[in-house]
Amino acid sequence: MHSSESGVTDHLARDDAHAIEIARACVADLGSGGWVANPPPKAPEEPLYPAHDLHGIVGTDVRQGFDMRDVIARIVDGSSFREFKKEYGPTILTGFAHIHGYPVGIIANNGILFSPSALKATHFIELCSQRKIPLLFLVNVTGYMVGSKAERGGIAKDGAKMVRAVACVDVPKLTVVVGGSFGAGNYGMCGRAYSPRFLWMWPNAKVSVMGSGQLSEVMATVSKDPAQHASLKAEIEDQSTSLYATSRLWDDGIIRPRDTRDVVGLGLALAARERRPGSSFAPPGAAEGAFGVFRM
C-alpha cells in the first residue's frame, strides 16, 4: 500500500537480501557533491539492446502508447535504470542511470500526468538538486489529467509543484521530445520556456498547446462550420511538427532516435565542464537549492 498508493516508501523489497541490495544501489546514486570531472567518473558501457530498435518502438502516431522503459534501455549504460518509487505514480518514470559514464536522473512519461505522478516527479527533482545530478527529460505527454475527480484531488496544486520544481532546480536539464509534448505537460516536462541546456526532438515529435483533434472538438462548441473545423485542424497539425518547431529555433535540433545516446552524452559532457568545486548551478544571487513555497 505505502509503495503504490500513499507514496510513503520509495522502494519495495521482496526480502531482507533484496532490501540490502536496494540500499547499496541508493548509496551508489548519492552523487559526488556537485563535481563531475572530465573524463566521466565511470567507464562507459554499451546498452544491452541495439539503438536501431528505437525506430520500431516509437511510431509516427503520437497517440499510440509505448513503454518508455524500452527507450531508456537503449540509451543508458548497460541498460541499467534504477527506478525511484517504481510502484507509485506509474504514469511517470523516475530513476538514476549513467550515459557515457556520466550520472543522470531520468524523468520519462509513461502516460498522462496524475497527482501522484506529479508529486513523484517533484520529489525526484528535489533529490537530484540536492545531489547535483543532471536531469534528462524524455517527453511523450498529452498533459495533466482533467475532470472533476482530478480537480477535487488537487491536480492543479500538485501539477504546480512539479512545474515549480522544474523551474527552480539548479542542475543542468536536458530534454528530448520523443513523442508528443502538449499543454501544461510541456511545462512540467521542461519545455523550452523552462531553460533546458539542450532540447532535441525526434522527427516524429509534436509540440502544441493541444492536439489538433482535441482543438477541433473545442471549436465545434463555438462554431458549426465543418469547413472551418477542418481548416483549423490542418493548420494546427502542420504547426505542431518537429520541422515547424526547429525552423523557428524552438529546439536545438532534430536528431535520429538511434543517435540519442551519443547526443545526450555529449550534452552531459559539456554540462560537466561548466561545473567547478564549490560552485552552484543556480544563477548569480539565487539561493542554491531554493524552490520557494509549495502549495499544500
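Two strands are taken to pair if DSSP finds at least two bridges between them, and helices (H or I, at least four residues) and strands (E, at least two) are DSSP runs, numbered from the N terminus. In strand β6 of the present structure, M201 is the bridge partner of V177. The structure is a predicted model, in which local features need pLDDT of at least 70 and side-chain atom pairs count only at pLDDT 80 or more, whereas totals for chains, interfaces and linings use all residues. Residues are numbered from 1 along each chain as its sequence is written, and side-chain values use heavy atoms, with hydrogens and water left out.

The pLDDT, which is the predictor's confidence in each residue on a scale from 0 to 100, has a mean of 86 for the protein, and 88% of the residues reach 70 or more. Over residues 276–281 the pLDDT is below 50, and this stretch has 11 contacts in the model beyond near neighbours in sequence, a contact meaning heavy atoms within 4.5 Å. Where pLDDT is low, the predicted coordinates should not be read in detail.

The protein holds 12 helices and seven strands. Of its 296 residues, 47% are buried, where buried means under 20% relative accessible area, exposed means over 50%, and partly exposed lies in between (1.4 Å probe, protein chains only). Among the contacts with a separation of 6 or more, 74% are made by residues 24 or more positions apart.

Strand β5, which covers residues 173–182, is largely enclosed by the rest of the structure, because 10 of its 10 residues are buried. Strand β4 (residues 135–141) runs parallel to β5 and is joined to it by six bridges, with S181 of β5 as the bridge partner of V141. Strand β6 (residues 198–201) also runs parallel to β5, and four bridges join the two. Strand β7 (residues 206–208) pairs with β5 in the parallel sense over three bridges, and here K206 of β7 is the bridge partner of G180.

Within this arrangement, M201 has its place in strand β6 and, at 2% relative accessibility, counts as buried. Leaving out residues up to four places away in sequence, M201 touches V177, K206, V207, S242, A245, D251, G253, I254 and I255. The C-alpha atoms of M201 and G179 are separated by 8.4 Å, the two residues being 22 residues apart along the chain.

Helix α7 (residues 155–168) has 14 residues and reaches 20 Å from its first C-alpha to its last, close to the 20 Å expected at 1.5 Å a residue; the expected span is 1.5 Å times one less than the number of residues. Its buried residues are I155, D158, G159, K161, M162, V163, A165 and V166. These buried residues of α7 pack against strands β2 (92–99), β4 and β5, and against helices α5 (115–131), α6 (148–152) and α8 (185–188).

A nonpolar core is defined as a set of buried Ala, Val, Leu, Ile, Met, Phe, Trp, Tyr and Cys residues joined through side-chain atoms within 4.5 Å. The largest such core has 33 residues, and those with the most contacts inside it are I107, I125, L135, F137, M162 and M189. The elements that give two or more residues to this core are β2, α5, β4, α7 and β6, and the largest share, six residues, comes from α5. Apart from this core lies another, of 28 residues, among them V76, I106, W202 and V264. As for I125, when its neighbours within four places in sequence are left aside, this residue is in contact with I107, L135, M162, A165, V166, V169 and F291.

H100, found in the loop between β2 and β3 (102–109), has a positive phi near 55° and, at 21% relative accessibility, counts as partly exposed. K132 lies in the loop between α5 and β4; its phi is positive, about 60°, although it is not a glycine, and K132 is buried, with a relative accessible area of 10%.

A search of the whole structure finds zero disulfides, a disulfide being a pair of cysteine sulfur atoms within 2.5 Å.
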